[in-house]
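Please look over the sequence and the model below before reading on. The briefing treats the chain as a whole and then one of its strands.

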Amino acid sequence: MGKHVRTDDGRLLLAEEWGNPAGTPVLLLHGTPGSRLGTALPDLPERRPDVRFFAYDRPGYGGSDRHPGRRVADAARDAAAVADALGIERFAVVGRSGGAPHALACAALLPERVRAAAALVSIAPRDAAGLDWFAGMTPFNVREFGLAAEAPELLDADLAARAAAIRQDPERLVEDLRAELSDHDLPVVSDPAVRATLLRSYREALGTTHHGWTDDCLAFTRPWGFDVSAVTAPVLLWHGLDDAFSPPAHTRWLADRIPGATLELVPDAGHFAAQYALPAVLEWLAR
């Protein structure tokens, strides 16, 4: 069902929790586009019965109010509000794809609450010094992020049309992605469990509006509002080497700047392989 949480500025966020109520709390942050329902495969609680999972829809997605002009850094305040509402003091955080920068924000800005963080298939800040930001990135992402930086109104119109089409047929986005998937991603997206999770997440994320998608793209291409080198909690950076949605060079850049970060680069794995990596990531967090 989910639970609405009110933030200190009056917005509502739709949160969800599952797993072991007495387990170790882990916040899961969804991708772009996405929702709280797409953060993990259905069998994860059985594989990790020691974990209390929680998640929420980022502003503008699913059941959460929009937060116009939000920065990546604002995720820390929202995550804290959700944790407070659920009675959770300290927690680990895992972000996949579009959720990964937001996980790093939580680690940087909530040092007294975030005990460890994992960022899976992350992008780096748009102003990352020395990084050719678009190199190796799919044409779809190059176009959307390019519009976010140069023509936000065109980005908004483009994503509004895409979201409307996906609303009518959620499989549309999965099929649109297939043309840009690597050989290693194709079998992952064809896995019935992965496909069902993606469709459920997209259906929820874009059920009423495209604004979360737009605001994610804008936030990624503007200053994030924190310095990744300020992260002091243990951090795992996981990336498949055959990822063209978030090129591995982005995670290498992050690894060079986050003190003590553990870098795991996986051969023969693409962007969506991060769906399978979560049990091992949770094992790392537990250690």
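What follows is a short account of the overall fold and of strand β4.

This is a predicted model, in which local features need pLDDT of at least 70 and side-chain atom pairs count only at pLDDT 80 or more, while totals for chains, interfaces and linings use all residues. Residues are numbered from 1 along each chain as its sequence is written, and side-chain values use heavy atoms, with hydrogens and water left out.

**The chain as a whole**

- The chain has 11 helices and 8 strands, taken as DSSP runs (H or I of at least four residues for helices, E of at least two for strands) and numbered from the N terminus.
- Along its principal axes, the C-alpha trace spans about 45 × 40 × 35 Å.
- Of the 287 residues, 59% count as buried, that is, under 20% relative accessible area with a 1.4 Å probe and protein chains only.
- Among contacts (heavy atoms within 4.5 Å) between residues at least 6 apart in sequence, 77% join residues at least 24 apart.

**Strand β4 and its partners**

- Strand β2 (residues 12–19) pairs with β4 in the antiparallel sense over 5 bridges, pairing requiring at least two DSSP bridges between strands, and Trp18 has Phe53 as its bridge partner.
- Strand β3 (residues 24–29) pairs with β4 in the parallel sense over 4 bridges, with Leu27 standing opposite Phe54.

Notes:
Buried means under 20% relative accessible area, exposed over 50%, partly exposed in between (1.4 Å probe, protein chains only).
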